[in-house]
Amino acid sequence: MFLRGPTTSGVVNDVLSDLALLKKPFSVKLTRKNDIRPFEDASSLDFFAEKNQAALFAFGSHNKRRAHNLVLGRFFDHHLLDMFEFGVENYGSIASFGSSQIILGARPLLVFNGDFQNDPVTERLQNMFTDFFSGEPSSEVSRGHISHVISFTLAHAADGTHTVMFRPYTLGQKKSTDPRHPYADLAPAGPVFDLTLRRSLVAPAPQFRAACRKPRTVTR
């Protein structure tokens, strides 16, 4: 689910549009602006989640205090589970990469670079990124059916700020000496951007465990 706040910027609007394209055909983009402040009151997000049967959301806004603001999060049982607020920098659109285009709706290979596991917030952030971008679950994926890679690189500033560099690549194959194992050929694609973490709200451990619990398979 993709939605906008009362004020946005061109960068935020374009990022939301590009992310909605990446998530097709499983994305719902709301066209109206919404007077929502997720970290103050998430009840409106819960309402839209239930109305649109959404498990994930991206919310964009812009003001002087928090320029080019993007909030990514997820729901459990139509209630907010956790969310992360970022400042968007160094944005490059899907269109700016010309012929190097991702097959929309295809399932990506996700690569995480950096010490996400060394901090509870970034560990949960990695988990949220996996939910957001991994696509439909499947027990097996053929190498030939993976058309693109999304790389998430975590960097730390001296002041303790976390920044994640989002970099997609199309994945092709080149001939090798062994025809059974062709070389992987990566080409940069869009959208690209850097996400500087501003605020986060993560679910307590018991609630998170409940959200991760898989229902028992009913057998007859």
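User: Before we start, what does buried mean, in relative accessible area?
Analyst: Buried means under 20% relative accessible area. Exposed means over 50%, and partly exposed is in between. Keep in mind that this is a predicted model.

User: OK. So is Glu-85 buried or exposed?
Analyst: Glu-85 has 2% relative accessibility. The cut-off for buried is under 20%, so Glu-85 counts as buried.

User: Which side chain does Glu-85 meet in a salt bridge at 3.2 Å?
Analyst: That is Arg-66, with 3.2 Å from N to O. The pair links distant parts of the chain, 19 residues apart. Arg-66 is in the loop between β3 (56-61) and β4 (69-76). Glu-85 is in strand β5, residues 79-92.

User: And which one at 2.9 Å?
Analyst: Arg-199. The side chains of Glu-85 and Arg-199 also form a salt bridge, 2.9 Å from N to O. Here the two residues are 114 apart in the chain, with Arg-199 in strand β10, residues 192-201. Arg-199 is partly exposed, because its relative accessible area is 31%.

User: Why can such side chains pair at all?
Analyst: Side chains of opposite charge can pair when their charged atoms come close.

User: How many salt bridges are there?
Analyst: The count comes to 7.

User: Which residues are linked in a network of them?
Analyst: Arg-74, Asp-82, Arg-124 and Asp-131. Take the pair Asp-82 and Arg-124, whose closest N and O atoms are 3.4 Å apart. Asp-82 is in strand β5, and Arg-124 is in helix α3 (residues 120-133). That pair joins distant parts of the chain, 42 residues apart. Both Asp-82 and Arg-124 are buried.

User: New topic. How many residues does the largest nonpolar core have?
Analyst: It has 31 residues. Leu-70, Phe-129, Phe-133 and Phe-152 have the most contacts inside it. Elements that give two or more residues include α1 (10-23), α3, β7 (148-156) and β8 (162-174).

User: Which element gives the largest share of this core?
Analyst: α1, with 6 residues.

User: What is Phe-152 in contact with?
Analyst: Set aside its neighbours within four places in sequence. Then its contacts include Leu-110, Phe-112, Phe-116, Phe-129 and Phe-133. Val-164, Met-165 and Phe-166 are also among them.

User: Let's look at helix α2. Which of its residues are buried?
Analyst: Helix α2 covers residues 43-52, and Leu-45, Asp-46, Phe-48 and Ala-49 are its buried residues.

User: Why do they line one face of the helix?
Analyst: Look down the axis of α2: the buried residues fall within an arc of 165°, so they line one face. There is a general rule behind the spacing. An α-helix has 3.6 residues a turn, so residues three or four places apart point the same way.

User: What does the buried side pack against?
Analyst: The buried residues of α2 pack against β1 (2-4), β2 (29-33), β3, β4 and β5.

User: And which exposed residues are on the face turned away?
Analyst: Phe-47 and Lys-51.

User: What comes after α2?
Analyst: Gln-53, with a positive phi near 55°.

User: Where else is phi positive in a residue other than glycine?
Analyst: At Asp-77, with phi near 55°, and at His-78, with phi near 65°. Asp-77 sits in the loop between β4 and β5, and His-78 is found in that loop too.

User: Is Asp-77 buried or exposed?
Analyst: Asp-77 is exposed, because its relative accessibility is 57%. His-78 has 24%, so it counts as partly exposed.

User: Last one. Which peptide bonds are cis?
Analyst: One runs from Lys-24 to Pro-25, with omega near 5°. Pro-25 is in the loop between α1 and β2. Another joins Gly-190 and Pro-191, where omega is about 0°. Pro-191 is in the loop between β9 (183-188) and β10.

User: What do most residues and peptide bonds do?
Analyst: Most residues other than glycine have a negative phi, and most peptide bonds are trans.

Conventions. Residues are numbered from 1 along each chain as its sequence is written. This is a predicted model: local features need pLDDT of at least 70, side-chain atom pairs count only at pLDDT 80 or more; totals for chains, interfaces and linings use all residues. Side-chain values use heavy atoms; hydrogens and water are left out. A salt bridge is a side-chain nitrogen of Lys or Arg within 4 Å of a carboxyl oxygen of Asp or Glu. Helices (H or I, at least four residues) and strands (E, at least two) are DSSP runs, numbered from the N terminus. Buried means under 20% relative accessible area, exposed over 50%, partly exposed in between (1.4 Å probe, protein chains only). A nonpolar core is a set of buried Ala, Val, Leu, Ile, Met, Phe, Trp, Tyr and Cys residues joined through side-chain atoms within 4.5 Å. Contact means heavy atoms within 4.5 Å. The arc is that of the directions from the helix axis to the C-beta atoms.
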